[in-house]
Structures are given as C-alpha cells and as structure tokens.
Amino acid sequence: MRLKALALAFGLLALQTAAQTATAAAQDLHAYVGAGLRPPVDALIEAFRKETGIAVTAEYGGSGQLLARFAETRTGDLFIPGTTFYTDKLKELDAVADLKVLVVHGPVLAVAPGKAEVIRGFADLAKPGVRVGLGDPQAMALGRTAEDILDKSGQGEAIRRNVTVRAATVKQLALYVLDGNVDAAIIGASEAAQNPGKLSVLAIPPDWYEAEYAPVAVLKTSAAPDAAKRFADFLASDAGLATFQRFGFPPAPKM
C-alpha cells in the first residue's frame, strides 16, 4: 500500500509540474525591441523570468524594420521601440492595447578614438575628408533625429556630403565609430554610457532636436495579454527604470 501511495503521490506531483510548465509556456511572450535598448531589456527579461517563470523572446532590430515585420505578420505580444513615433504608427493600425512611456532616448555626437583633436564641434564635420555616420531615418528613430540636428546646426548640407554610412541600428552606428570606420556619428547617449572612456563625446544643443521617449506597447494581437501587461508593468516599475538608468537611459518625465 505504501508503494502505491508513493507512486500516486509522485504521479500527482509530476502532473502538477507538467501543468505548471504548460501554463508558463502558454504565457511565453514575444517582444519586438529596438536594437539600442538591448542591454537593459536583456537584463530585465532575465529578472522577469526569475520572478514569474514567464519567458520573453526578444526580436531586436531597427524600430522601423520591426514595425514593418509586425504589420506583415500581425503577431506578437509587445513592441518596445526607441521612440513613440512607432507606437503612434501602431495606434493608427489599431494594434495597441496598453501603452507606457519608459525612458528618454537622447543623442550625442561621438568621435572616434584618435579624432578628438580634429573634431571639436559640428562645424568640423563639414571639413573635407571627414567621414560621418548617421542612422537610416527609415529604419531607426535616431536617424530621423539626426536629420533634424543637421538642419538646426546650420551645416546640414555640407555635413551630409561627408556621410559615408547610414546604419540600420544604433548598435551598428556605435560600432562604426568604435572601430574607426567613421570619424564621428550621432549616436544614443546610452551607447556612449555603455562604452566609457572609449569615445570622445560632445553634447548636442537641446534646442536642435526633440527628445525621443522609448515606450512599451502591449499589442492587441497578444495571445497572453495579462502576462504581456505584467511584463510592461515590470519594465515601468521603479526597479525596471533603475535598470534602464544603469545602462544610460534616464526615466521619462512623469506626464
């Protein structure tokens, strides 16, 4: 009888464990995430998994590319781009169930190692032979911001003649500068913060651009909307915002 009771108990435990595993798997989430947000989002995904048992698979890329992918597939649980420009587009598609603005995604001018004496300001970007990198405005939030910055600088056309590469993601753009493939580029302040001492960083006058804010949208296509909202709330929590801050993304002002 004891053996039968033990076998029954182990059987019930196995069934319970399998049921819990199946429930967690049913709640597993897919998130579209702007490539520049990868370091903090990776850390938060792991912390969320440890706390809840819910796994989040992140698909990283340029926010514009991710928006096109979502529009084509109409699948997924969350969208976390580098700017609300893309969640506004999702609203036009009637795809947003819930939205939270998280952090500021600001730009700086990054100068490659060994070029700090040559490039001291935006006027130097217009000098003959200087290689400039920018983001692709069709693929990433920072690409559109960079175009506004160039226009406000008064050197826009001359600088554009020196553009040798347009990157699809902010990560690519930062690597071009770090590797010396370009002499300078407009990158995210967070990228500079994650590479301390490796780049010369010049501030950009705040009246040359409108600050971008990175949000999280829970998508109406989510098969697990409660779990998706739970993850969005986790990102927007004090602990979540502190993680973003650690990687160079300050919290957005309270509206």
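Predicted model: local features only at pLDDT ≥ 70, side-chain atom pairs only at ≥ 80, totals over all residues.
## Ground rules

Local features need pLDDT of at least 70 and side-chain atom pairs count only at pLDDT 80 or more, while totals for chains, interfaces and linings use all residues. Residues are numbered from 1 along each chain as its sequence is written, and side-chain values use heavy atoms, with hydrogens and water left out.

## The largest pocket

The largest pocket has a volume of about 200 Å³. A pocket here is an open set of points on a 1 Å grid over the protein atoms alone, where a 1.4 Å probe fits, with protein on both sides within 12 Å along at least five of seven lines; lining residues have an atom within 4 Å of a point. The volume is the space filled by probe spheres set on the points, which are joined across faces, edges and corners.

Domain 1 (29-105 + 212-247) and domain 2 (107-202) both contribute lining residues, so the pocket sits between them; the bounds come from an automatic or database domain assignment. Among the lining residues are Arg144, Asp148, Lys152 and Trp208. Helix 5 gives the most, with four residues (helices are DSSP runs of H or I, at least four residues, numbered from the N terminus). By class, the lining has four nonpolar, three polar and five charged residues (Ala, Val, Leu, Ile, Met, Phe, Trp, Tyr, Cys and Pro count as nonpolar, Asp, Glu, Lys and Arg as charged, the others, Gly among them, as polar).

## Helix 9 against helix 10

The axes of helix 9 (residues 225-236) and helix 10 (residues 238-246) come within 4 Å and cross at roughly 60 degrees. From helix 9, Phe234, Leu235 and Ala236 make the contact (heavy atoms within 4.5 Å) with Asp238, Gly240, Leu241 and Phe244 of helix 10. Axes are lines fitted to C-alpha atoms over the stretch in contact, with angles from 0 to 180 degrees between N-to-C directions.

Notes:
Helix = DSSP H or I, 4+ residues; strand = E, 2+ residues; numbered from the N terminus.
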